Amino acid sequence: MSEVFDKLHEECGVVAIYGHKEAANLAYLSLHALQHRGQESAGIVSADGKQTHVQKGMGHVADVFTPAVLGELHGNLAIGHTRYSTAGDSGPLNAQPFAVTCNKGQIAVAHNGNITNAAELRADLEAAGSIFQASSDTEVILHLIALSRERTLSGALREALLQLEGAFSLVFLAEDRIIVARDPHGFRPLSLGQMELSGGHVCSVFASETCAFDLIGATYLNEVEPGEMIIVGPEGMTRERYTPARNRAQCVFEHVYFSRPDSIVFGRSVQESREKMGRLLAREHPVEADIVVPVPDSGVAAALGYADEAGIPFRQALIRNHYVGRTFIEPSQTIRDFGVKLKLNPVRNLLEGKRVVLVDDSIVRGTTSRKIIRMVRAAGAREVHMRISCPPVIAPCFYGVDTPDKSELIGANHDVEEIRRFVEADTLAYLSIENLREAVQDNGNRRYCYACYTGEYPTDVTPMEALIAARRRG
Ligand code: AMP
């Protein structure tokens with residue numbers, strides 16, 4: 001089983017457009033807005049009522065889609081995907097959307113999340129004769145659809161979705177319709193928007209984050225609900241629950257780190273959540289200091305909240321180079337902390353002689369924080385007080401966020417004082433889980449998953465843990 005899926009975590013962005021003559025162009029623009037959710041590969045599948053057209057490749061959206069490539073994507077409907085993965089299975093075969101021709105016609109799917117029972121489903125399917133091309137969990141869904149005895153795609157899809165466990169926000173495309181669905185816990189986001197076109201026509205759009213709607217001029221309407229399936233086709237739009245919603249477990253890390261602050265995610269502004277995290281962090285862990293400095297970009301919104309609440313000036317004393325991709329040059333050992341220096345550079349005259357509150361969203365392995373703190377001190381800071389806008393990450397995510405194995409999570413193996421010593425901060429403090437809950441407005445329908453901070457998983461993850469243990473044994 002250990003060889004079946006190289007990859008347990010996929011951070012991705014998905015988009016779907018129905019009813020626009022420039023559907024592929026709109027999907028392409030939306031993928032630009034979702035680029036932060038994945039930079040490994042990008043793809044779009046369009047449909048013109050009769051046929052689907054597929055274009056995908058490795059790299060950033062701007063690299064994959066030249067005007068000539070986009071010109072091949074005909075039709076009024078399209079889905080798109082941008083994907084991040086760690087090393088191991090980063091091959092073109094795993095680039096999404098997956099497109100196939102089967103007994104339900106030509107279909108394509110793009111997935112954000114992680115199906116936790118995919119290995120078992122795949123083993124069953126392979127035993128029954130299915131042939132897999134990729135090592136991604138998403139391919140399982142297409143096989144389940146193809147094997148279903150239901151005659152319609154939506155019927156087959158409903159049947160397939162009921163067999164899946166874990167996290168999935170899915171967008172499907174058929175020759176003449178778009179179908180989207182969210183898992184019953186609602187781990188990963190998916191929003192619905194629309195564009196008013198001339199002649200009273202309406203174009204429906206779906207995206208992982210609403211920043212994609214802003215770019216293409218669409219209006220955000222609401223969330224695709226957990227356990228909901230939406231079909232948009234020639235007969236209009238239908239919304240149905242394919243399964244009752246279960247205990248809601250929306251990924252809190254979307255608000256802490258992953259989503260863009262200009263997005264509305266799970267019906268709540270990410271910027272508002274982050275600023276509140278910063279304010280509550282200032283109240284919970286105040287410190288005497290001269291300036292508040294964010295680690296860009298992830299710490300900016302929380303640092304603004306912290307600075308405002310504490311009445312300490314906010315200074316952008318670390319400048320990020322946004323244009324660095326991956327580098328193939330390994331520097332000689334004399335160039336220390338090369339990786340971080342490529343991305344960040346300190347502003348010496350802001351830091352010299354200053355007591356600094358350094359704000360970031362999270363510490364995962366601790367190595368980045370240590371390099372940044374060393375950099376800030378080398379630029380003349382007198383004291384460095386690290387403040388983190390969420391609790392220590394103590395457990396891996398099985399629902400689509402790329403966290404390393406428990407053995408590599410510094411928070412899983414060390415207490416806060418040990419972490420402070422490791423990252424070489426004068427003081428270190430994290431936001432409590434109670435304050436995190438308050439910051440993201442955990443109430444009513446807006447309930448979150450905190451498994452990475454508590455180790456309490458909202459679904460049965462024993463198959464995933466077994467998979468990891470098997471892999472570790474070799
Ligand atoms: P480290 O503690 O060295 O592992 O790195 C912490 C940094 O990684 C913080 O600045 C976070 O913003 C960032 N980070 C946290 N989670 C992730 C993730 N899933 N993918 C990429 N970067 C992340």
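## Ground rules

Because the model is predicted, local features need pLDDT of at least 70 and side-chain atom pairs count only at pLDDT 80 or more, while totals for chains, interfaces and linings use all residues. Numbering starts from 1 along each chain as its sequence is written, and side-chain values use heavy atoms, with hydrogens and water left out.

## Around the ligand

The ligand has 15 residues around it, the closest being Asp360, Asp361, Arg365, Gly366 and Thr368 (a residue counts as near if one of its heavy atoms lies within 4 Å). By class, that shell holds five nonpolar, five polar and five charged residues; here Ala, Val, Leu, Ile, Met, Phe, Trp, Tyr, Cys and Pro are nonpolar, Asp, Glu, Lys and Arg are charged, and the others, Gly among them, are polar.

Now the polar contacts (pairs of N or O atoms within 3.5 Å). The side chain of Asp361 puts an N or O atom 2.4 Å from a ligand oxygen. On its own the ligand exposes 500 Å², and the protein buries 83% of that (Shrake-Rupley areas, 1.4 Å probe). Helices H8 (252-258) and H13 (367-378) are the elements giving two or more residues to the shell (helices are DSSP runs of H or I, at least four residues).

## H4 meets H5

Over in another pair, the axes of helix H4 (residues 118-127) and helix H5 (residues 139-147) come within 10 Å and cross at roughly 45 degrees (axes are lines fitted to C-alpha atoms over the stretch in contact, with angles from 0 to 180 degrees between N-to-C directions). The H4 and H5 crossing is left-handed, meaning the near helix is turned anticlockwise from the far one by less than a right angle.

Technical notes. A polar contact is a pair of N or O atoms within 3.5 Å; within protein, one must be able to donate a hydrogen and the other to accept it, and residues adjacent in sequence count only if both atoms are side-chain atoms.
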